[in-house]
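Subject: Structure handover

Hello,

Here is the structure we discussed. Please have it open while you read.

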Amino acid sequence: MALTLYVDTARWRAHQQSVIQQFPGIIPVCKGNGYGFGHERLAEEVTRMGADTLAVGTTYEAARIKDWFSGDLLVLTPFRLGEEPVPLPDRAIRSVSSVEGVRGLVGARVVIEVMSSMKRHGISEEDLPKLHAAIEDVRLEGFAIHLPLDHADGSSGVDEVAAWMERLRAAHLPLHTMFVSHLKAEELAQLQQQFPHTRFRARIGTRLWLGDHDATHYRGAVLDVTPVAKGDRFGYRQQKATGDGYLVVVAGGTSHGVGLEAPKALHGMMPRAKGVARAGLATMNRNLSPFVWAGKQRWFAEPPHMQVSILFVPSDAPAPQVGDELVAHLRHTTTQFDRVVDH
């Protein structure tokens, strides 16, 4: 009995191909938990699609994935002086976001990140003159820019990349390759036309692996079903059942990522009102689970356990049977499955 990730493999790969066709020279990204699929699986998919480079989040991820992928490995987290050394093959490419970082990687293959409106990390325009001497001691693979998802000032990703291209050109720095993130296909084509002598390479993860929501889904197996009457005590904290119904034990707990939720940026009154309502219900120990039964998302009977969750299904709904599987609306990037089934 397991929390299972079901993959409609043909549909999933067809979506991958559609993204690859839109972004020539794409660099697939495999970081974190491998977007819910795991590093090994995504390394196999990248090899299948024939990509020459795979981007990973950290040096530790690069060290793990190097035996599954034989091409270049682009590490997205910037190098920092004094970081713990991790043995990596020569095909590893390090991102760098400071002049000091470039100087600390003598002989290495590097991509230099410039500071975007994200303001996360990157070389500033004032530091560009200092790069001339520093890049002589490294193998420069190109420059990179990581863009925000939204441009609140009305500008576009194209505007921001083009502005940096002009700054780099004015500083007489090499412009043979620019690595970009969060651009639309038409924006990438526009930049390629505007700067024909530069190769633009899009680093894409979420859109590539998770862009077709209907190609994958999670299901948790029902392990036990226990009838309860209103007022019956149950669970670790011996809470009282709020009505007649069933306690349904389903595969999927905190070790799988069930119950974990990343903070969200809320825009508009309706999303904020829903957020306030959810917070109010949580103070009354009412938390909606990701599991669906009989067409409705069901409430947690109590906080999820390590490997299972206990749900409350009221008596006006049909009782699940042991062995049934409940669809689970889970975030791929925070979920660990027990098994994957291709179909």
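This is a predicted model: local features need pLDDT of at least 70, side-chain atom pairs count only at pLDDT 80 or more; totals for chains, interfaces and linings use all residues.

Residues are numbered from 1 along each chain as its sequence is written, and side-chain values use heavy atoms, with hydrogens and water left out.

**Overall**

The chain has nine helices and 18 strands. Both are DSSP runs, numbered from the N terminus: helices are H or I with at least four residues, strands are E with at least two. The C-alpha trace spans about 75 × 45 × 40 Å along its principal axes. Of the 343 residues, 47% count as buried. Buried means under 20% relative accessible area, exposed over 50%, and partly exposed in between (1.4 Å probe, protein chains only). Take the contacts (heavy atoms within 4.5 Å) between residues at least 6 apart in sequence: 67% of them join residues at least 24 apart.

**Aromatic rings**

The whole structure was searched, and three aromatic pairs turned up. Rings of Phe, Tyr and Trp (its six-membered ring) pair if their centres lie within 6.5 Å; planes under 30 degrees apart count as stacked, over 60 as edge-to-face and the rest as tilted.

Phe195 and Phe200 are both buried.

Arg167 lies over the face of Trp164, 4.8 Å from the ring centre. The rule for a charge over a ring: NZ of Lys or CZ of Arg within 6 Å of the ring centre and within 35 degrees of the ring normal.

**Helices α6 and α7**

Helix α6 (residues 157-170) packs on helix α7 (residues 185-194) at an angle of about 30 degrees, with the axes 10 Å apart. Axes are lines fitted to C-alpha atoms, for helices over the stretch in contact, and angles run from 0 to 180 degrees between N-to-C directions. That angle makes α6 roughly parallel to α7; the cut-offs are under 35 degrees for roughly parallel, over 145 for roughly antiparallel, 65 to 115 for roughly perpendicular, and oblique for the rest. On the α6 side, Gly157, Val158, Val161 and Ala162 make the contacts. They meet Glu187, Gln190, Leu191 and Gln194 in α7.

Best wishes
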